[in-house]
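Opening the notebook on a new structure today. I'll jot things down as I look them up, rings to begin with and then the interface.

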2 protein chains.
Amino acid sequence: MRLTTKGRYAVTAMLDLALHAQVKPVSLADISKRQKISLSYLEQLFSKLKQQALVLSIRGPGGGYKLNKHPQEVSVAHIIDAVNESVDSTSCGGVGNCQEGEMCLTHHLWTDLSAQIHTFLDDITLEHLLKRRDIKAVANRQTEHHLLDDVAPLTLTSNLSNSLTRTLTNKKG
Amino acid sequence: MRLTTKGRYAVTAMLDLALHAQVKPVSLADISKRQKISLSYLEQLFSKLKQQALVLSIRGPGGGYKLNKHPQEVSVAHIIDAVNESVDSTSCGGVGNCQEGEMCLTHHLWTDLSAQIHTFLDDITLEHLLKRRDIKAVANRQTEHHLLDDVAPLTLTSNLSNSLTRTLTNKKG
DNA sequence: TAATACTTGACTAAAATGCTTGGTTATTAA
DNA sequence: TTAATAACCAAGCATTTTAGTCAAGTATTA
Ligand code: FES
Ligand code: FES
């Protein structure tokens, strides 16, 4: 089974892209800042995402990436498949020959599990994630972070007066 | 997410143990031969399985391992948990702090997935696996293999005259 | 033309994995 | 009593994967 930081990063980055889907494309540098993912690493991931036609790229100043499909058309499984090589949990890759060319005792168990996981992740689209309350909360926090870091810390805090901001300020000092 | 050969080996070995659960204990050397798993590696795995009270050991000649619970009481999840450290697919370990001490965008997605996988694997017991036709077939093949390798190749083949044997002989030469 | 931002490929430190080696200890059958 | 058996234990090791860096591009636009 292959589900590591790579796949998580890809989903996180795609979700970030969906969250900030404006007219203008989103640069990897922005995603890198917000999601704290290494820029060069993101480049590798987006190279694959582009190969799978999940995103499209615009070069030059003001350029960046945009979603190539509607959020409801992009499933989490699709994203992970694009960067990993699938969420297969067999060791034979589905062929059924991991024990000296023959099928091992537990082959079917792992294919069943793989199918289960794939179904689960394939049912969840970016659209679904966008609507989730917990994700909205985190996204808001990140926006504030971003603004606080880069623009005008003092004037902004007065606007954003919810408990979340306060918790955050306490935590970060 | 951590589901690799280690966990698969553990489940396979436990299933082998269940399949050959007689009065006598089963030695790791036997499991090693049948399932083609390195003996020393099996020792490491069974050390952990014993710690979790899934098996018990009998030392000395004629010794080996036995199941410490009924097959219907041992779930696949339990076995994997014993050798891996759980099937968690978050990177924060469930704490929710993988992004510089704060929760990342996709935290809940991964906790949901982890729960899904755990539920699935926790519902499957050794008892269930023992009953499956595909597993029985592989187990039969392995028994034949074992006998063919060790005892009397020529006299035995006449008894075991099913298509499976033939397919197998063709494959192996 | 300079800055921006994607593109590509090679390379690497660190970690995990799967396994080996080389013992020791307990038990039992001869 | 002795030799064989088989569990137990610790250290180390080769390979692979991961997560990331670095460097040298190219296309676009302000
Ligand atoms: S996992 Fe497919 S044959 Fe073993
Ligand atoms: S996976 Fe839990 S906070 Fe990121």
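**Aromatic pairs**

I went through the rings of this predicted model and got 4 aromatic pairs over all chains. I looked up Y9(A) with Y41(A): the centres are 5.9 Å apart and the planes sit at 80°, which makes the pair edge-to-face. Y9(A) belongs to helix α1 (residues 5-19) of chain A and Y41(A) to helix α3 (residues 39-51) of chain A, so this pair ties together parts 32 residues apart in sequence.

Then I turned to chain B. Y9(B) and Y41(B) have ring centres 5.9 Å apart and planes at 75°, so I noted them as edge-to-face. The pair links helix α1 (residues 5-19) of chain B with helix α3 (residues 39-51) of chain B, 32 residues apart. Y9(B) is partly exposed at 27%, and so is Y41(B), at 26%.

**Interface of chains A and B**

Next, how much area do chain A and chain B bury between them? I have about 4100 Å², with 61% of it on carbon and sulfur atoms. R8(A), E102(A) and L105(A) supply 19% of what chain A buries against chain B, more than any other three residues. For contacts, I noted 46 residues of chain A against 46 of chain B.

I also looked for charges and found 6 salt bridges between the two chains. I wrote down D112(B) with R132(A), whose closest N and O atoms are 3.3 Å apart. Polar contacts across the interface come to 14 residue pairs. On the side of chain A that touches chain B, α5(A) gives the most, with 9 residues. That side divides into 22 nonpolar, 12 polar and 12 charged residues.

Conventions. Residues numbered from 1 in each chain as written. Chains lettered and ligands numbered in written order. Predicted model: local features only at pLDDT ≥ 70, side-chain atom pairs only at ≥ 80, totals over all residues. Heavy atoms only, no water. Phe/Tyr/Trp six-rings, centres within 6.5 Å; stacked < 30°, edge-to-face > 60°. Helix = DSSP H or I, 4+ residues; strand = E, 2+ residues; numbered from the N terminus. Buried < 20%, exposed > 50% of the residue type's maximum accessible area, 1.4 Å probe, protein only. Contact = heavy atoms within 4.5 Å. Buried area = accessible area lost by both parts, 1.4 Å probe. Salt bridge = Lys/Arg side-chain N within 4 Å of Asp/Glu carboxyl O. Polar contact = N/O pair within 3.5 Å; in protein donor to acceptor, adjacent residues only side chain to side chain. Nonpolar A, V, L, I, M, F, W, Y, C, P; charged D, E, K, R; others polar.
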